[in-house]
Amino acid sequence: MAKPQYWLIKSEPSVYAYARLEKDGRTEWTGVRSFEARNNIRAMKPGDLCLYYHSNEGKAVVGVARVLTEPGPDPTAPGEDWASVDVGPVVALEEPVTLATIKATRELKDFPLITRSRLSVAPATAEHFKHILAMSGTKLPRAK
């Protein structure tokens with residue numbers, strides 16, 4: 001099995017909070033209207049892991065989601081060249097990792113939340129992913 005890639009995905013909690021993803025069990029990640037973010041969605045594979053960031057309100061990484069499907073057309077933009085994937089919840093972070101904490105952490109100086117702050121879907125390194133989890137006191141559940 002291929003190693004997962006890691007991503008940062010953002011949603012305003014008033015639009016789609018991580019708690020709602022946990023309740024729903026899965027959702028289509030739609031509505032991305034940036035060419036760079038769209039291309040990142042197109043690079044996602046089932047099994048990839050995503051740091052789930054609450055933007056604008058809260059400003060913290062709050063959970064981990066998993067990509068469930070291959071990328072496909074965004075159903076919210078019929079006839080247009082946008083992409084979406086389905087994601088599902090993996091684990092809520094024990095302690096959210098705030099933007100302020102991320103900015104103050106030397107090991108995260110090149111994390112996309114800092115270097116590409118306006119991008120709603122961005123790749124993350126395995127090191128960044130593991131560091132955020134460690135900072136939050138969260139361990140991934142064992143695969144079934």
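1. Arginine 33 and aspartate 74 form a salt bridge, with 2.9 Å between the closest N and O atoms; a salt bridge here is a side-chain nitrogen of Lys or Arg within 4 Å of a carboxyl oxygen of Asp or Glu. Arginine 33 lies in the loop between S2 and helix H3 (35-42), and aspartate 74 in the loop between strand S5 (72-73) and strand S6 (83-98), so the pair ties together parts that are 41 residues apart in sequence. Helices (H or I, at least four residues) and strands (E, at least two) are DSSP runs, numbered from the N terminus.

2. This is a predicted model, in which local features need pLDDT of at least 70 and side-chain atom pairs count only at pLDDT 80 or more, while totals for chains, interfaces and linings use all residues. Residues are numbered from 1 along each chain as its sequence is written, and side-chain values use heavy atoms, with hydrogens and water left out.

3. Buried means under 20% relative accessible area, exposed over 50%, and partly exposed in between (1.4 Å probe, protein chains only).

4. Aspartate 81 forms a salt bridge with arginine 42, the closest N and O atoms lying 2.4 Å apart. Aspartate 81 is in the loop between S5 and S6 and arginine 42 in helix H3, so this pair ties together parts that are 39 residues apart in sequence. Salt bridges that share partners join Arg38, Arg42 and Asp81 into one network.

5. Arginine 38 is buried, with a relative accessible area of 9%; aspartate 81 is partly exposed at 47%, as is arginine 42 at 35%. The structure holds seven salt bridges.

6. The largest pocket has a volume of about 660 Å³. On a 1 Å grid over the protein atoms alone, a pocket is an open set of points where a 1.4 Å probe fits, with protein on both sides within 12 Å along at least five of seven lines; lining residues have an atom within 4 Å of a point. Grid points are joined across faces, edges and corners, and the volume is the space filled by probe spheres set on the points.

7. The largest pocket is lined by 25 residues, and Lys10, Ser11, Glu12, Ser55 and Ser120 lie nearest its centre. The largest share of the lining, three residues, comes from S2.
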